[in-house]
Amino acid sequence: MTDVHQVKPSLDALLAGATSREPMKTADSLSSASFERVVIEGQPYVVKHLSTASDWIMRATGDVACRPLWVWCSGILDALPDCLDPLIVDVAHDSQTGVTTLLMPDVEGYLVPEGSVVLPLEQHHRFLDHMGALHAVFWDWDGPAALTPMANRYTALVPLTGQVERDLGHTDGVPSVLESAWQRLAALSPEMGELALAIAADPGLFVDALADTPTTLIHGDWKAGNLGSHPDGRTILLDWQWPGRAAGCVDLGWYLAVNCDRLPESKEATIAGYRDALVRHGVEVGDWFDRQLELALLGAFVQLGWSKTDDLAELRWWVDRALPTARALLR
């Protein structure tokens with residue numbers, strides 16, 4: 001890989017000229033990365049510090065090289081469609097500490113508000129359109145499969161992650177609830193819980209099935225907390241910790257699962273909106289789409305089914321969609 005962007009060698013070099021620095025934390029940030037607000041030459045910025053020592057997502061997904069660093073250096077972010085803004089304007093990497101720091105303009109007023117308020121329908125539709133635009137631009141992308149290996153997407157949010165993080169002395173955040181949540185899932189939906197855990201334990205067959213459908217560059221985490229809208233309509237798409245070559249419907253499945261309480265229309269309408277967006281942006285949608293969709297919904301359940309156990313209607317929707325595919329794949 002030839003670097004397109006140079007990386008600052010240290011945090012001091014990145015923040016040279018800063019006149020103010022203060023720690024910050026947002027409720028929608030589920031990683032254990034640390035954040036600061038800084039002012040440089042009178043302009044407000046947010047900095048995010050990432051390392052395998054401090055961030056459980058990096059550990060759980062096997063990110064030893066810092067994927068946000070790679071997408072910045074490689075120029076991938078420059079190739080995004082104009083409708084998307086990843087916000088990253090500069091990056092530092094300290095080779096001594098292994099810490100990567102991202103510098104981003106502070107656009108808090110443009111981000112989706114924290115909490116569970118339903119997304120405005122127009123904004124939701126725009127997110128789907130821009131997701132389709134991303135996938136269309138990178139259709140049949142031949143980027144490195146190892147950027148975020150497909151299998152790693154389905155082995156990150158499992159009971160073992162909770163056990164590992166506990167053994168490391170980390171007893172809060174998402175990892176701390178994984179073991180009990182998976183146990184509750186098994187109690188409420190024994191067959192689906194068993195099949196989901198089997199895929200998480202050995203995702204090879206599932207990943208191979210998805211790989212038989214078209215691939216593109218996906219972001220991997222289209223949650224509301226990573227999204228926003230500029231006044232000109234461009235979508236802000238933050239947190240490039242899960243990018244990689246994968247089926248486009250993997251992004252859609254995650255969007256449906258992680259934003260379930262914020263969707264302004266049904267999941268079926270949301271799926272149709274994404275499909276229409278692909279067509280609008282020039283992707284030929286054929287028989288592959290339904291197969292990829294069902295596999296991606298199963299994959300989204302493997303990733304986030306454990307989080308559905310407090311809403312039985314929501315859990316039932318996912319089990320009804322995922323169970324036939326899981327049975328056909330594993331039984």
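Let's start with Thr235, which counts as buried because its relative accessibility is 0%; buried means under 20% relative accessible area and exposed over 50%, with partly exposed in between, using a 1.4 Å probe and protein chains only. Before I go on, this is a predicted model, so local features need pLDDT of at least 70 and side-chain atom pairs count only at pLDDT 80 or more, while totals for chains, interfaces and linings use all residues. Residues are numbered from 1 along each chain as its sequence is written, and side-chain values use heavy atoms, with hydrogens and water left out.

Thr235 sits in strand β9, residues 235-237; helices (H or I, at least four residues) and strands (E, at least two) are DSSP runs, numbered from the N terminus. Which residues is Thr235 in contact with, leaving aside its neighbours within four places in sequence? They are Cys83, Leu84, Asp85, Arg126, Phe127, His130, Leu227 and Gly228, where contact means heavy atoms within 4.5 Å.

Now over to helix α6, residues 159-167, where Pro159, Thr161, Gly162 and Glu165 are buried. They cover an arc of only 160 degrees around the axis, so they lie on the same side of α6; that arc is taken from the directions from the helix axis to the C-beta atoms. Leu160 and Asp167, on the other side of α6, are exposed. And what covers the buried residues? The cover includes α2 (56-60), α7 (175-188) and α8 (190-201). Just after α6, have a look at Gly169, which takes a positive phi of about 95 degrees.
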